Amino acid sequence: AGSVGYLAHATLIDILTRQYPEFFELSLVVVGGAAAGHAAWDAGKVDIGYTALNIVYQYTTRTGRWAPEKATPQKYEEMSVIIYQYPLIYTVFITEDLYGKVKCWKDIKDLGVGVYPTPAPYASHEVFREVFSILYNVKPEELDKILNLQVFDVSGVGDALTMGTVKVVWGYGDPGGPASWVADAFSRVGYKMYAVPPCADELELIKAKSPDLIMFTMDLTPYNVKTIQGETIIKETVAVPFGLVGSSKLSKEHIYLFFKAHFEQCEIFEKALATFTGFCKWGLQFNIDSFRKQAQYGAPIHPGVALYLKERGYDPEALGIVVAKT
């Protein structure tokens with residue numbers, strides 16, 4: 001409760017039940033983050049579960065949290081993605097004294113300074129290890145031998161920056177701005193930080209090798225920092241889509257309306273929650289990009305979602321999107 005996901009879903013429920021009271025009766029069940037939400041759906045505790053593209057990948061390919069020795073899916077054949085509502089967007093931030101020393105993400109390796117990859121239970125930590133294992137061509141667990149990783153609670157980042165024990169931060173936010181701990185930590189050092197975008201060759205490598213990351217724009221204005229080049233926009237960096245998963249057996253007509261409401265009522269979403277900033281412009285393409293990415297390993301979308309895409313003039317099959325069978 002109180003998380004971005006919780007607020008987004010509360011907003012969704014409010015909009016759907018007000019706009020379509022004859023079709024929807026929805027309530028929130030608090031289960032935790034995206035990994036817990038997906039697991040709660042698989043266990044039958046909820047009808048629609050919170051998820052993220054990296055969790056969809058693990059569930060579909062039986063890896064990570066869903067490796068055979070860790071968990072056994074109960075609804076594997078029914079799984080379908082309903083929507084991706086927003087991304088968490090990531091980049092590297094450095095302290096001012098590293099100016100000129102970090103031009104690409106790979107450059108943090110030889111500095112010998114403290115690197116903050118966020119706490120181990122966080123999805124952001126998982127993303128950090130995925131990204132830098134790709135860049136350095138090593139296993140994720142081998143990064144501890146390459147980088148001076150400082151792992152602790154986010155509440156300590158401000159002090160670590162002030163004392164100099166951390167000089168590189170793996171920071172993130174949603175389209176509305178930075179995570180609260182990022183804003184707090186940067187304020188502690190008077191925002192004397194720089195954002196480092198990934199270099200073009202790094203982006204191409206990540207695009208080619210990552211199964212669960214997409215590319216997205218990052219607006220640095222709410223972060224109160226700029227790139228070393230003085231820019232306030234990172235045109236392309238890595239992001240993880242967060243959304244909702246459910247059974248392909250759910251009513252096609254209801255899921256069609258559920259998905260459609262996000263775009264037909266996008267202005268209400270934008271006004272209700274900063275996380276949805278600009279959703280009217282990027283929301284549909286963001287979903288299409290995410291659906292195409294998950295199709296690489298066979299993860300399907302719900303037939304009701306496909307129905308709306310066709311209504312908007314998109315051919316899922318031609319786009320390489322997998323649609324669940326009813």
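Biologist: How many bridges join strand β8 to β10?

Modeller: Quick ground rules: this is a predicted model, so local features need pLDDT of at least 70, side-chain atom pairs count only at pLDDT 80 or more, and totals for chains, interfaces and linings use all residues. Residues are numbered from 1 along each chain as its sequence is written, and side-chain values use heavy atoms, leaving out hydrogens and water. Strands (E, at least two residues) and helices (H or I, at least four) are DSSP runs numbered from the N terminus, and two strands pair if DSSP finds at least two bridges between them. β8 (residues 214–219) and β10 run antiparallel, and the number of bridges joining them is five.

Biologist: Which residue is the bridge partner of M215 in β10?

Modeller: M215 has its bridge partner in β10. That partner is V238.

Biologist: In which sense do β1 and β10 pair?

Modeller: β1 covers residues 48–52, and β10 covers residues 233–247. In β10, Y50 has L244 as its bridge partner, while A52 stands opposite F242. The two strands share five bridges, and their sense is antiparallel.

Biologist: What about β2, how many bridges join it to β10?

Modeller: One spot to look at is P87, which stands opposite P241 in β10. β2 and β10 run antiparallel too, and the bridge count is nine.

Biologist: How many of the 15 residues of β10 are buried?

Modeller: Buried means under 20% relative accessible area, exposed is over 50%, and partly exposed lies in between (1.4 Å probe, protein chains only). β1 is mostly covered, with four of its five residues buried. β10 is mostly covered as well, and its buried count is twelve.

Biologist: On to helix α1: which elements do its buried residues pack against?

Modeller: α1 (residues 4–19) has 16 residues and reaches 22 Å from first C-alpha to last. Its buried residues are G5, A8, H9, T11, L12, I13, I15 and L16. They pack against β1, β2 (79–95), β10, α9 (252–264) and α10 (266–272).

Biologist: Does T11 count as buried or exposed?

Modeller: T11 sits in helix α1. Leaving aside neighbours within four places in sequence, T11 is in contact (heavy atoms within 4.5 Å) with F269, A272 and L273. Because its relative accessibility is 12%, T11 counts as buried.

Biologist: How are α4 and α8 oriented to each other?

Modeller: Helix α4 (residues 123–136) and helix α8 (residues 200–209) pack with axes 10 Å apart at about 110°. The contact involves V131, I134 and L135 of α4 and E202, L205, I206 and K209 of α8. Angles under 35 degrees count as roughly parallel, over 145 as roughly antiparallel, 65 to 115 as roughly perpendicular, and the rest as oblique. So α4 and α8 are roughly perpendicular.

Biologist: And at what angle do the axes of α11 and α12 cross?

Modeller: L284, I288 and F291 in α11 meet V305, Y308 and L309 in α12. Axes are lines fitted to C-alpha atoms, for helices over the stretch in contact, with angles from 0 to 180 degrees between N-to-C directions. For α11 (residues 279–295) and α12 (residues 303–311), the axes come within 13 Å and cross at roughly 125°.

How values were computed:
Expected span 1.5 Å × (residues − 1).
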